[in-house]
Amino acid sequence: MAHMSVFRFSALALLLLSACCWADTEAEADSELSVSELLERANSNLIRSDDDPILTGGDIAIDSEAERNADPCTSRGCMWGKWTDGKVYIPYYIASHFSSREKAIITRGLESFSSFSCIRFRPSRSSDRDWLSIESKNGCYSYVGRRGGKQVVSLARRGCLYHGTVQHELLHALGFNHEQTRSDRDNHIKVLLQNVQSGMEHNFRKIATLNQGTPYDYNSVMQYHKYAFSRNNQPTMLPIPNSNVSFGNAKEMSRNDIARLNTLYKCCECLHEHIMNTYTHTHTHTHPVLYSTACLLSFCLLHRCAIHCYRGSLSRSSDRQSRGNIVS
């Protein structure tokens, strides 16, 4: 009897070890894929139900076909509000069906924004009117910008739980579209519709975006790879004028992604004003500018928010446009 128990225990241990090794191998293989490749794989061949939102651009949720040609940001404000301390607090709820390991991946993605911007994701409260509900639905998707009320961000347990994928979907929720839909994209990539899967042409629709004074970014986490939605294993996008430029390989947010986010939500500007106001209350007028210069210098140079932090002032030329890679 004792030998039988030992055998069963050993068999169970071997099974668990094999499963663990298989999972590690799969995760290692997935780590070689870019965010856009992970998204396309996770969302391919899904059977959509009547309860699922319509998807455009591969992973952008919309409520009706009419929204394919009119992003909701055009008709109403879709940015999340800022508090007097200069930070943007966004409530979120992580569904209980995620495991502790899966929740850790999501939380890491949420918390990453606080290291390079004024965005602060925090657990939701019963008093919150608008919040992100992070759930494992049918694939990976998010609405663009703040919609009001409960707003689902889908991170399917199978295929969507990677750091860069979490960042990508959260950037949609913050108001950003895909890089290849930028208003100036025809100057940087050539879309080859003859190679696009039938019915998927709308994923390459150009949008009248404002781009926060940042260049087209082949390394953006929002840029899809060159074979996205291909029907014949031929490229659907080629960079121009140099077709050999690598693009769509990002595994996390780029410097330009960070710069746009900070410009869109005026992270540097509010930091500057908050420091000035706070410091002036307790110190003479000879020190606040020096103090704010030091803080802004480290913050802005690190995150490329503005070009005049050096003098304790900010360039507001791009801030006149209130929205970044979102529709005007």
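This is a predicted model: local features need pLDDT of at least 70, side-chain atom pairs count only at pLDDT 80 or more; totals for chains, interfaces and linings use all residues.
**Packing of helix 2 on helix 4**

Two packed helices are described by the angle between their axes and the distance between the axes. For helix 2 (residues 35-43) and helix 4, the angle is about 80 degrees and the axes lie 9 Å apart. Helix 2 and helix 4 are therefore roughly perpendicular to each other. On the side of helix 2, the contact is formed by V35, L38 and L39, while helix 4 contributes G164, T165, H168 and E169. Sorted by class, this contact comprises three nonpolar, three polar and one charged residues.

**E169 in helix 4**

Helix 4 spans residues 163-174 and contains E169. An unreviewed UniProt entry assigns the feature "active site" to E169. E169 counts as buried because its relative accessibility is 0%, the limit for buried being under 20%. Leaving aside residues up to four places away in sequence, E169 is in contact with L39, D59, C140, Y141, S142, V153 and L155. L39 also takes part in the contact of helix 2 with helix 4.

V221 is located in the loop that lies between strand 8 (189-191) and strand 9 (237-239). Its relative accessibility is 1%, so V221 counts as buried. With residues up to four places away in sequence not counted, V221 touches V35, G164, H168, L171, A250, E252, M253 and D257. Of these, V35, G164 and H168 also belong to the contact between helix 2 and helix 4. V221 and K251 are 30 residues apart along the chain, yet a distance of 6.6 Å separates their C-alpha atoms.

**Strand 5 and its partners**

Strand 5 (residues 131-135) is largely enclosed by the rest of the structure, because four of its five residues are buried. Strand 5 pairs with strand 3 and with strand 7, as the table sets out.

| Strand 7 (residues 150-155) | parallel | five | Q151 |

Note on methods:
Residues are numbered from 1 along each chain as its sequence is written. Side-chain values use heavy atoms; hydrogens and water are left out. UniProt positions are given in the numbering used here, feature names are shortened, and annotations may be inferred rather than shown by experiment. Helices (H or I, at least four residues) and strands (E, at least two) are DSSP runs, numbered from the N terminus. Buried means under 20% relative accessible area, exposed over 50%, partly exposed in between (1.4 Å probe, protein chains only). Contact means heavy atoms within 4.5 Å. Two strands pair if DSSP finds at least two bridges between them. Axes are lines fitted to C-alpha atoms, for helices over the stretch in contact, and angles run from 0 to 180 degrees between N-to-C directions. Angles under 35 degrees count as roughly parallel, over 145 as roughly antiparallel, 65 to 115 as roughly perpendicular and the rest as oblique. Ala, Val, Leu, Ile, Met, Phe, Trp, Tyr, Cys and Pro count as nonpolar, Asp, Glu, Lys and Arg as charged, and the others, Gly among them, as polar.
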